Amino acid sequence: MAELTVVGKPVTRLDAHEKVTGEAIYGYDLVLPNMLYGKVLFSPKPHARIVRIDTEKAKRFPGVCAVITGEDAPWTHGESIKDKPFLAQGKVRYIGEPVAAVAAADEDTAQAALKLIEVEYEDLPAYLDPEEACKPGAIPIHEDFASYRKMEFIVARPGMPNVCEHFKLRTGDVGKGFRESELILEERYSVPIIQHAAMEPHSSHAQVDPKTGRVTIWVANDAPFRALHEMSEALGLPKEKIRFINPLQGGGFGSKGGLKVEPIAVALAYHTDGRPVRLKFNREETFISTLTRHETVLYIKSGVKKDGSICARQMTIFWGTGAYAEKSPTVCIRSSLPAPGPYRIAHVKVDGYAVYTNKPVAGSFRGYGIPQGAWACEQHMDELASRLGMDPLEFRLKNVFVEGDTSYWGEKLHAVGLKETMMKAAQAIEWGKKDQGSGVDPFGTLRANPEHSRGIERSKGLRTGKGLACIQKPTRTPTTSQAGVRVNSKGEMTVLAGTVEIGQGCNTILAQMAAEELKVPIDKVRMHPLDTDVIPFDASTTSSRSTYHMGNAVRRAAIDVREKIALMAAPMLEAKKEDLAFSEGKVCLKDQPEIFLTIGEVIRRKMGPDAVLRGDGSYTYEIGKDLDLETGHSEHASAFYMYATQAAEVLVDEETGRVRILRMSAAHDVGKAINPLNCVAQIEGGLAMGIGSALHEHLVLDNQGKVRNPSFLDYHLATSLDLPEMIPIIVECTEPEGPYGAKGLGEPGLAPTPAAIGNAVANALRVRIHDLPLTPERVFWAIQKGKTKPA
Amino acid sequence: MKKKIQLTLNGKKTILEAPAHRLLLDLLRDEIGLTGTKEGCGTGDCGACTVFLNGKPVNSCLILSGELDGAELVTIEGLKIGPELHPIQKAFIQDGGAQCGYCTPGMLMMAKALLDENPNPTEEEIRFALSGNLCRCTGYAKIIQAVQDAAKEIRQAARR
């Protein structure tokens with residue numbers, strides 16, 4: 001490969017200027033001419049039949065244009081199961097479910113009109129615990145589940161009516177494995193509901209053209225083509241009649257794929273005589289009525305030999321999906337599969353259940369279930385190591401997947417950078433150096449702000465510990481990305497790609513790849529705004545698939561253009577196409593670089609000054625194979641795998657239970673860092689989210705299923721004072737199919753974090769905590785319990 | 001009932017009419033059309049809507065229009081120095097301080113408030129000053145680095 005000029009360089013973000021000046025327009029900022037303002041009435045009941053809705057008073061309120069209920073929007077949607085109505089139909093299934101909506105001249109009027117809507121409910125028994133809801137004979141939350149349209153592999157289970165997916169992995173014979181084991185350990189772990197809490201709340205604008213029936217939706221959705229597909233199926237409209245326009249997105253982390261606010265905005269827009277509707281959820285509404293991460297209960301049982309080899313592992317996992325399935329079936333499959341960890345185990349059995357409850361809807365969240373699996377598996381690994389008298393790192397190194405291993409689901413693994421991440425993450429926090437200061441002054445921040453010290457000012461009763469955890473993460477497979485590249489007669493490139501810039505930096509790295517293929521400077525490349533009428537197809541901006549899939553598509557589109565330019569330039573330079581080279585925006589002779597034409601000049605001479613040369617590229621990972629439904633096996637379950645290890649050093653105050661992270665390393669195998677600056681940014685951001693979920697994030701519901709902390713005052717996101725010294729480490733284990741060897745990175749950043757911290761806390765206290773988050777109260781009581789009962 | 005408000009907005013005298021209960025945030029975004037100031041929570045918890053009111057940083061979602069007569073306001077759109085980006089803006093670009101960028105305007109305004117008062121802050125002082133501005137993307141590391149780099153640039157420029 002020729003020397004890389006732009007790829008692999010720390011290029012600053014293409015979108016940074018518009019973001020630091022306030023010029024960037026996000027979905028929440030958008031104002032359309034003559035628009036109406038929407039507001040939604042939410043269910044106050046976790047599970048109830050709607051006996052009566054009276055909207056007459058609201059409709060008569062001055063300034064109100066439309067008031068609608070489920071009867072006015074007889075549609076359902078859902079990526080895997082079409083179980084979710086645009087507005088509640090006949091019953092409600094969680095507190096926060098949209099029941100009715102108003103469009104009015106301004107928001108105050110819409111808000112006032114909501115209060116005039118009368119709804120009478122008849123309570124039904126509610127399930128708030130996924131294990132309860134999963135029990136045979138449970139009352140169904142969805143009576144009509146069997147008749148819903150759904151993905152082929154999803155079947156109704158009359159005996160377990162609230163299970164919307166049951167994933168099975170069967171490898172070897174776990175009974176035999178346990179009999180051969182010299183030590184068996186069985187534990188239960190749990191992870192609570194947390195929320196994405198992207199800084200931009202959810203919103204959507206919609207307009208229906210009364211003449212053509214065409215529906216236009218302006219929304220910061222991270223998978224516009226999937227949204228288009230879902231909307232088309234829901235409304236029974238051909239895709240050509242629907243258009244998604246994507247303004248900038250203020251973060252998503254999985255919450256803004258699929259349809260959230262869009263269906264209600266569209267339903268309203270059908271009743272406004274062509275006027276556009278803006279529907280914005282405020283922060284509280286975003287917390288209670290958009291999306292959450294699955295609460296998860298994990299049972300794990302392992303059998304090991306005294307030499308540290310793992311004979312058998314069995315897991316039963318309950319994914320609480322809330323009232324609607326959303327992406328739960330695929331979360332359940334893709335994360336139950338690798339939940340037993342990236343280890344060589346001959347006998348493995350996993351049962352994963354996605355279970356309906358009467359709680360807010362759970363779906364995709366950065367990491368797609370891998371963090372929950374790791375919380376259980378990686379702490380369980382430390383527990384096993386402790387009982388075997390082995391160092392946790394040594395125990396892992398003995399068992400981890402290495403190049404050429406066949407995984408327990410039957411896939412021969414390649415490009416496995418796991419061991420390297422493990423060694424580097426451990427080394428970065430001086431693993432093995434016991435009871436030595438980290439060199440970081442843990443009291444620095446506290447001294448500067450004694451009012452924030454929260455009691456950690458003593459040296460007595462403080463314990464330090466170290467811990468690490470690792471993960472292996474698949475990506476959505478098989479999928480397709482398509483891209484276009486245009487070059488004008490000034491040699492400027494425009495890239496058309498359906499990957500959504502959600503903050504992860506895709507626009508910059510895709511532009512880098514396009515620039516690299518044509519050898520033009522990065523400042524000559526711009527990304528086209530996203531609009532499904534114009535932009536080629538892309539499956540989704542999810543599952544860390546974009547660098548690999550869209551990267552390959554953009555690269556092919558750029559190569560297509562390059563070939564066309566070379567064909568046009570050859571006669572002009574009186575040379576053969578094969579004898580041409582590209583450099584610094586020019587086409588030149590390979591052996592006489594001083595003889596050249598600029599790319600723009602070639603296009604101008606051949607096509608005229610105003611013409612544009614176009615190239616196309618498409619990439620599908622073709623050998624992806626679906627998992628076998630009975631065994632969970634697949635020879636190609638994922639286009640590629642991401643590997644990571646993180647290691648934490650913590651300080652725990654025994655008197656208050658407060659955990660402070662002193663330093664934390666994160667080593668991620670990215671295949672090839674297209675932009676190292678951006679990779680570090682992704683790792684740091686992932687760590688911050690992981691630390692928040694480890695120490696304080698928890699969406700608290702009361703015993704009726706009502707969210708008690710739907711605000712940033714009460715839902716504790718990590719602030720600048722909560723975060724430790726972070727040590728991001730890039731590992732590059734080349735993926736041969738990836739563009740320039742790249743894999744993906746966005747999602748794994750937070751996946752091993754809570755487990756690494758949990759292991760460090762256990763190392764400090766000699767007490768194991770099985771439930772997240774590690775709040776001072778929980779840690780304090782665990783210490784008290786540990787005093788009476790040795791771990 | 002609308003109230004007449006005279007104020008200085010990003011250095012320009014402005015007269016407008018708004019109901020006294022209209023929040024400054026909504027006034028800026030919906031009535032004046034300056035959407036650089038972001039709404040993250042509407043309850044004063046996230047700092048995304050930070051603007052300067054009479055020289056002090058405030059959460060514009062907690063200020064009523066009725067209080068604004070005679071006020072001097074600076075928003076993110078007024079942070080540039082003439083046609084030039086403010087050193088804090090330049091440092092955010094250079095260091096990767098913005099990812100999704102939604103918290104960025106508020107973060108920049110709060111960082112400016114810090115540097116106006118303390119041109120040579122320690123890391124801890126920066127962390128403390130920005131602790132009311134939430135960011136879900138960056139983990140704050142690049143933001144803190146950008147503020148340090150901007151502080152250095154401002155101090156050097158003052159010596160030049």
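Guide: Gladly. Let's begin with A:V495, which touches A:A483, A:V485, A:L510, A:A511, A:A514, A:V525, A:M527, A:H528 and A:V554, leaving aside residues up to four places away in sequence. Keep in mind that this is a predicted model.

Visitor: Why is A:P338 called buried?

Guide: A residue counts as buried if 20 or more other C-beta atoms lie within 10 Å of its own. A:P338 has 25 of them, so it is buried. You'll find A:P338 in the loop between α9 (328-336) and β17 (347-356) of chain A. Not counting residues up to four places away in sequence, A:P338 touches A:G373, A:Q472 and A:P474. The C-alpha atoms of A:P338 and A:R170 are separated by 12 Å, though these residues are 168 apart along the chain.

Visitor: How do you know that the buried residues of α11(A) are on the same side?

Guide: In α11 of chain A, residues 392-399, the buried ones are A:P392, A:L393, A:F395 and A:R396. They cover an arc of only 160° around the axis, so they sit on the same side of α11(A). The buried residues of α11(A) pack against α10 (370-388), α12 (418-428), β18 (462-474) and α18 (753-765) of chain A.

Visitor: Which domains is chain A divided into?

Guide: The assignment gives domain 1 (16-24 + 479-620), domain 2 (31-126 + 200-250 + 256-289) and domain 3 (417-473 + 639-788). The C-alpha centres of domain 2 and domain 3 of chain A lie 38 Å apart. Between these two, 9 residues of domain 2 of chain A are in contact with 8 residues of domain 3 of chain A. On the domain 2 side, the residues divide into 6 nonpolar, 1 polar and 2 charged.

Visitor: How many residues of chain A are in contact with chain B?

Guide: 46 residues of chain A are in contact with 42 residues of chain B. On the chain A side, α1 (16-20), α13 (444-448) and α17 (676-695) each supply at least two residues. The largest share, 6 residues, comes from α17(A). By class, the chain A side has 21 nonpolar, 17 polar and 8 charged residues.

Visitor: What makes chain B agree with a compact globule?

Guide: With 160 residues, a compact globule would have a radius of gyration near 15 Å, and chain B has 16 Å, so the two agree. Its C-alpha atoms fill a box of roughly 50 × 35 × 25 Å along the principal axes. Of the 160 residues of chain B, 54% count as buried. Chain B has 5 helices and 5 strands, following the pattern β-β-α-β-β-β-α-α-α-α along the sequence.

Visitor: And what are the domains of chain B?

Guide: They are domain 1 (2-78) and domain 2 (87-159), with C-alpha centres 22 Å apart. The contact takes 13 residues from domain 1 of chain B and 11 residues from domain 2 of chain B. On the domain 1 side, the largest share, 3 residues, comes from strand β3 (residues 50-53) of chain B.

Notes
Residues are numbered from 1 along each chain as its sequence is written. Chains are lettered from A and ligands numbered from 1 in the order in which they are written. This is a predicted model: local features need pLDDT of at least 70, side-chain atom pairs count only at pLDDT 80 or more; totals for chains, interfaces and linings use all residues. Two residues are in contact if their C-beta atoms, placed from the backbone, lie within 7 Å. Helices (H or I, at least four residues) and strands (E, at least two) are DSSP runs, numbered from the N terminus. Ala, Val, Leu, Ile, Met, Phe, Trp, Tyr, Cys and Pro count as nonpolar, Asp, Glu, Lys and Arg as charged, and the others, Gly among them, as polar. A residue is buried if 20 or more other C-beta atoms lie within 10 Å of its own, exposed if 12 or fewer, and partly exposed in between; C-beta atoms are placed from the backbone. The arc is that of the directions from the helix axis to the C-beta atoms. Domain bounds come from an automatic or database domain assignment. The radius of gyration is taken over C-alpha atoms; the globule rule is 2.2 Å times the number of residues to the power 0.38.
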